Amino acid sequence: MKTVEMPKMGDTMEEGKILRWLKKEGDQVAKGEPLAEIETEKVNIEAESFSSGVLRKILVPEGAIAAVGAGIALIGAPDEPLVAEAKQLSTTNTDKPAANEDIEAAGQVIASPALARGRIFISPIARNLAKENQLDYSNIQGTGPNGRIIKMDIEATLAAQGRPAAVFPPQAAPAMQPTPVVATLPFIEQPQPVAASTTTDDITEIPLTSMRRAIARRLSQSMQAAPHFYVTSVIDTGKLAALRQQINEYAAKQPSPVKVSFNDLIVKTVALALVRMPQMNVSFAEDKILLKKQIHIGVAVALEQGLIVPVLRNANQHSILDIARETQRLGEEARAGKLRPEDVSGGTFTVSNLGMFDVDSFTAVINPPESAILAVGSITPTPVVVDGQVVVRDRMKVTLSSDHRAIDGATAARFLQEVKRLLEEPFGLLL
Amino acid sequence: MRTITYRDALREAIREEMWRDERVFIMGEDIAGYGGTYAVTKGLFEEFGEKRVRDTPLAEEVITGTAIGAALGGLRPILELMTINFSLLATDLIVNSAAKFHYMFGGQPEIPLVIRMPSGGGAQRGAQHSQMFESWYGHIPGLKVVMPATPYDAKGMLKSAVRDPNPVLFIEHELLYSIKGEVPDEDVEYTVPLHLGEVRRLGRDVTILTFSRMAHISLQAAHDLAKEGIEAEVIDLKSIRPIDIDLLIDSVKKTNRVVIAEEGWKYYGTGQGLAALIYENAFDYMDAPIQHITGADVPMPYSKALERAALPTKADIIKAVKAIVPTHVGV
Amino acid sequence: MAISNATLTGLTRTQLLCMHNMMLLMRRFEEKSAEEYTRGKIGGFMHLYIGQEAVGVGSITALRTSDKILCSYREHGLALAKGMDPRAIMAELFGKATGCSKGKGGSMHMWSNEAGVLGGNAIVAAQLPIAVGVAFSAQYLRQDTVVACFFGDGAVDEGAFHEALNLASLWKLPVVFICENNQYSMGMAVEKAWAVENLLSRAAAYNMPGEIVDGMDAIAVYAATKHAVEHARRGEGPTLLEVKTYRFRGHSMADPAYYRTREEEQCWRSTRDPIGIFEKMLLEEGLATQAEFDENDAKATQVAEDAAQFADNSPDPSLEELYTDVMVDDSSALTYRYERK
């Protein structure tokens, strides 16, 4: 018994519709004789028989659609037993003679790997990726077990054709960096339909977006798994403000002018402090502590939908102006929802600044797998005693949250001391 | 941070919770005078006295019922069952009462109960003393079932379990009691949530889903695989019920490949349940069929040679990973 | 006829009339339940208390409101006696949102924190170990609460019975074990199931006082329970009471009771009806009048009717309730999101 399959009549064809059967069940069919008229996306075409014999069974009736490669008919000797018939016999005994359903069911049986000769084995994600990129995979040699076409084969084919693989599906998490110590923040929100809010008497139920879910999971896990402790310091920002003013006067005259914020200076400060105290640039990994060689500073950005933390890579190696430019770009792209996976992954330390909201001071939740986060309050004119006189000076409170599993109190305190020193004598930032 | 054993971590959790809350007490067979079959409760009787550290007769049904009743009466019992194998004598109380009351009585009673029990094989204890039953209990709505793998989690999760308003089955592994790991200093108060799993190792090529002792074996396997360029992500489920589905689905979407490694039997168990969840929710992301590593489908034999053959090993996991991760990955 | 101010076993006339009223309420409530069951308003298993009223009323009269009871699945009557609202019980039988267990429990699962009713348990003898634990909590917290644990003669055959009695005695816990020996565990006659003639030897085996009580005599049940409760409240430990009684109906609504003769049933009903016995005694002692009995009966009938009407008019539980109350916290929400997608 031979199975006639829905033929592929073009490289993008995925399914075809049987317009008309040119033979009926019981007819003699010769190899090469037209069997059925098939409608594809582009053309109507006659499908020929690839074997001779009797058309024993039509599996897909006129007007029905079948996927490429699915069985549409059976051709064999007049007395050969029908595999699909056995199934039909068993179902005809039931009370409901749903003829169409039976035929469809039989068609599915034929489409199964056991019966469909020449079936291509391909993994679900590879098939989806091929479909997404409109790639005909029928000629790809699978390299997976049993010759299965796997994701990598599709990617290789696309690469060979000079086509970058379209991301499938849009929600897929970004591919990992080979180094296993860097976590990927799953904070990338793709536009997706959000279920409607439902309102009862007193409560409006707002379904969680995936960003909100990610925040909830990560931060509650952080708060519960990482024993947080906090050290606070008050910083005199007089010199920092003066320096900033000078830098901005200079930067305004540059070919690509940029405005440096206090936060940019703090990011630079923290990066330099981490160079001096690498024991703060760590992750707790249960049976060990991972010391990270590179310094990637996350900068928390508040969005309408939630919080996102774009990452400034190798912040210690960049000039203040570069940091300002990169921060500006990341902020804009975050607001536009255009951040790429690499923009939000791999941070080793985070700075969260609520100064613009007139917040005196606050404590922040560590962003795992990082081990510390610096919470920055606003700069406030504060009466202080200098040489026995009460004068008004600008002060800023910063609070460092640290994971006690990886960092001890004295270490955190020394780090904060270093941050304070750099901010109060900020010319060091330029050197 | 200190390095202490899993056993000591458990004892610290019990001690701290007993100091914190007068209603917390511990009862069980040979936990007071004897100090606990696995020495978890050693010294507690001397510290807290007979009222709060109670030896019981060898009567699992009534001591489980008593713990349930005590919880209904406003206490916070920690019941130690000498092994999970004996819990079968108390299964009726656990499944038909502890798991049911809150729902069956319309949310009125609460049963803040912890039942601690050692499980697992590997110490030549024979067929009746080497079993994994988390799949059975994990099947039951109304229970929480957790299986911490590290001293850090053992302490933090036991403290959470004591404070939890639900019946929590806290399943330990007999071969984990003596392992050591970092735990915060005694003056650092911390708890670990009961319902979240954890990524023990990040990876790109395959997700190994595991828990309890197999989490350690899986990490060792991942370590060896890394030398060959295969980066395995290791997820320690920590909780069997509820299961942290988000965590594992997210990981599967990233790696497209899954190996499930558990010590228990293959059929109708936790691993097969997880496989169904993954196929249901992440089929389109799969690049290979799920591989499932389990203990052999036999009653545990006594002979050292046979027992070793019955338990899943690092080599089994590596083999399963290699069966689905292309050899040219990472090259 | 003059009304006496005398007391029976320390019970005043008012208390006695109260007991009478409660026995009638149990009877009328159960009759109403049976009627509603046949009309399809009540489903599942339903086990009636008719015939055993003196046990529930006599024993619970000896308890304080703050004392707790734990019961088997034949617990409507006990729940009424302990002070639960008949409407909430009937609505539970109807599976309605207004039921004491929000319609999630049914006939075998009554609960009230306020009344101290800690459940009907549908696993034979499971309530005994739990009662031991509730009594333990009272001892631990130095409360003078006493726990009364009701179970049938079938429960005595379970291992849990023996384990529970041993531990309660060992730890001297304030619990009274009340075996309602109604002669049959489902269809199994008690003499075919017990290796002993009565429970005195069982009590002795676990080193606790035991007593055999006429379960058709509410005053006798009261006196025996009161004694046991005082013993427990003094911290002297548990007591085992074997209260001999008889259920006038089958084991459940579906039981035609082929295992016993109609003559046997008729004999108990006509000569040993606990309500009849109680009324006769009150009349003989000059403590009450037939008119008062009739008034109580009318009241009880009215309450049962009202309960049924309330239950019938109550709404079904909202479908949202399907997934609530599984856990005390919302820890299952994560998984349910996948289940209910």
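What percentage of the 331 residues of chain B count as buried? The figure is 65%, where buried means that 20 or more other C-beta atoms lie within 10 Å of a residue's own, exposed means 12 or fewer, partly exposed is in between, and C-beta atoms are placed from the backbone.

Some notes on the model before I go on. It is a predicted model, in which local features need pLDDT of at least 70 and side-chain atom pairs count only at pLDDT 80 or more, while totals for chains, interfaces and linings use all residues. Residues are numbered from 1 along each chain as its sequence is written, and chains are lettered from A and ligands numbered from 1 in the order in which they are written.

Let me stay with chain B. Its secondary structure comes to 12 helices and 14 strands; helices (H or I, at least four residues) and strands (E, at least two) are DSSP runs, numbered from the N terminus. Of the contacts in chain B with a separation of 6 or more, 79% are between residues 24 or more positions apart. Two residues are in contact if their C-beta atoms, placed from the backbone, lie within 7 Å.

Now chain C. Here 53% of the 341 residues count as buried, and there are 13 helices and nine strands.

Next, the interfaces of chain B. On one side, 42 residues of chain B are in contact with 41 residues of chain C. Helix 3 (60–72), helix 4 (91–98), helix 5 (101–104) and helix 9 (245–255) of chain B each supply at least two residues to that side, and helix 3 gives the most, with 10 residues. By class, the side of chain B that touches chain C has 19 nonpolar, 16 polar and seven charged residues. For those classes, Ala, Val, Leu, Ile, Met, Phe, Trp, Tyr, Cys and Pro count as nonpolar, Asp, Glu, Lys and Arg as charged, and the others, Gly among them, as polar.

Chain B also meets chain A: 32 residues of chain B are in contact with 28 residues of chain A. Helix 9 of chain B gives the most to this side, with four residues. The residues of the side of chain B that touches chain A divide into 16 nonpolar, five polar and 11 charged. A cis peptide bond joins B:Arg241 and B:Pro242, with omega about 0 degrees.

Back to chain C, for a pair of helices. Two packed helices are described by the angle between their axes and the distance between the axes. Helix 1 (residues 13–38) and helix 12 (residues 290–313) of chain C pack at about 40 degrees, with their axes 8 Å apart. The two helices are therefore oblique to each other. The contact includes C:Leu24 and C:Phe29 of helix 1 and C:Ala300 and C:Ala304 of helix 12 of chain C. Its residues divide into 10 nonpolar, four polar and seven charged.

Which residues of helix 12 of chain C are buried? They are C:Asn296, C:Ala300, C:Val303, C:Ala304, C:Ala307, C:Ala308 and C:Ala311. What covers these buried residues includes helix 1 and helix 4 (86–93) of chain C.

Helix 5 of chain C is another case. Of its 14 residues, 13 are buried, so helix 5 is largely enclosed by the rest of the structure. Just after helix 5, C:Arg142 takes a positive phi of about 55 degrees. C:Asp144 sits in the loop between helix 5 and strand 4 (147–152) of chain C. C:Asp144 is partly exposed, with 14 other C-beta atoms within 10 Å. Its C-alpha atom is separated by 9.1 Å from that of C:Ser66, 78 residues apart along the chain.

Phi of C:Lys102 is near 60 degrees, and the residue is not a glycine. C:Lys102 counts as buried, with 24 C-beta neighbours inside 10 Å. A:Asp358 also has a positive phi, about 60 degrees, but A:Asp358 is exposed, with 9 other C-beta atoms within 10 Å. A:Asp358 is found in the loop between strand 18 (349–353) and strand 19 (372–386) of chain A.

Note on methods: Axes are lines fitted to C-alpha atoms, for helices over the stretch in contact, and angles run from 0 to 180 degrees between N-to-C directions. Angles under 35 degrees count as roughly parallel, over 145 as roughly antiparallel, 65 to 115 as roughly perpendicular and the rest as oblique.
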